[in-house]
Amino acid sequence: MFTALTIAGSDSSGGAGIQADIKTMTANRVYAMSAITALTAQNTTGVTDIMEVTPKFLAEQLDSIFTDINPDAIKTGMVSSSELIETIADKLTEYHAKNIVVDPVMVATSGARLISEEAIGTLKSKLLPLATVITPNIPEAEVLSEMEIKTEADMEKAAETICNTLGCAVLLKGGHQLNDANDLLFQKGKEPVWFHGKRIDNPNTHGTGCTLSSAIASNLAKGRDLETSVKYAKNYISGALADMLDLGKGSGPMNHAFAIEGEYER
Ligand SMILES: Nc1ncnc2c1ncn2[C@@H]1O[C@H](COP(=O)(O)OP(=O)(O)OP(=O)(O)O)[C@@H](O)[C@H]1O
Ligand SMILES: Cc1ncc(COP(=O)(O)O)c(N)n1
């Protein structure tokens, strides 16, 4: 069985974070493991509190995992402080981790800030350069590229800038910001590839970023190349959104229990 690890925060409402990651990995038929960076008291309307784990405890979780079941792929999500980011970067280097998908989570859909300002610098210098691919949404890509993104041409320019500065592949998500759900994959030395998605008229998008990055990691764990992994992951998220689950009073979660045969290939 292929194995994947999520290093992220817990979402008590189960729509984003560790919970979304484990549901996604399981639905993609990969064995899921987790190292928790923080607990959040959260529901579909917002985050009311955050309790970070200590860097020592995060390191102990990672040592326990890597010395026993080596993950075929890793996904990182919410990591709020510089110390925790450094711990992850050190452990991924120590254990020669491969197939690393970094979702540079900065702000939740509900508006809550999930990373400190000073930690963004550490994310750029220590963790992003280790990634096989990073998956910023448009506001995150604006921070990383230091430019405004208004059009798909801007997306291409920003993805190229990030890739050239940080040395990792970039999947820039069009998502809910631009008109269509078109994502752009930029890899060094390759032509940019667009993944065109039909916009699904569903206001319940809590955890879309977590789900997409976990689906990419699951496919990389199975030995698929990056482009194929993104294609399958995009099909997975489209299916989960199209199921139109409607839970909670705010931006609700997606349905991971929908059934599509053929490992989300369409
Ligand atoms: N309404 C939609 N219809 C179809 N696909 C969507 C929709 N909204 C988002 N997506 C897709 O979901 C994936 C996640 O993108 P999104 O831009 O939502 O990430 P994000 O902002 O990081 O998510 P999060 O809500 O977790 O912060 C992308 O593949 C995006 O194209
Ligand atoms: C623990 C945790 N991790 C990540 C997100 C981002 O997801 P979203 O932007 O969909 O709220 C979140 N809300 N909570």
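Predicted model: local features only at pLDDT ≥ 70, side-chain atom pairs only at ≥ 80, totals over all residues.
1. Ground rules. Local features need pLDDT of at least 70 and side-chain atom pairs count only at pLDDT 80 or more, while totals for chains, interfaces and linings use all residues. Residues are numbered from 1 along each chain as its sequence is written, and chains are lettered from A and ligands numbered from 1 in the order in which they are written.

2. Strand β1. β1 spans residues 3–11. Of its 9 residues, 8 are buried (20 or more other C-beta atoms within 10 Å of the residue's own, C-beta atoms being placed from the backbone). Helices (H or I, at least four residues) and strands (E, at least two) are DSSP runs, numbered from the N terminus.

3. Partners of β1. β1 runs parallel to β2 (residues 31–43), with 9 bridges. D11 stands opposite T40 there. β1 also runs parallel to β4 (residues 73–76), with 4 bridges. In that pairing, L5 partners I74. Pairing takes at least two DSSP bridges.

4. Helix α5. In α5 (residues 138–145), the buried residues include E140, A141, L144 and S145. Viewed down the axis, the buried residues of α5 fall within an arc of 120°, so they line one face of the helix. The arc is taken over directions from the helix axis to the C-beta atoms. E146 follows α5, with a positive phi near 55°.

5. Ligand 1. The ligand is surrounded by 23 residues (C-beta atom, placed from the backbone, within 6 Å). N137, G175, A181, I200 and G209 are the closest. Helices α7 (208–221) and α8 (226–242) each give two or more residues to this shell.

Terms used
Buried ≥ 20, exposed ≤ 12 C-beta atoms within 10 Å, placed from the backbone.
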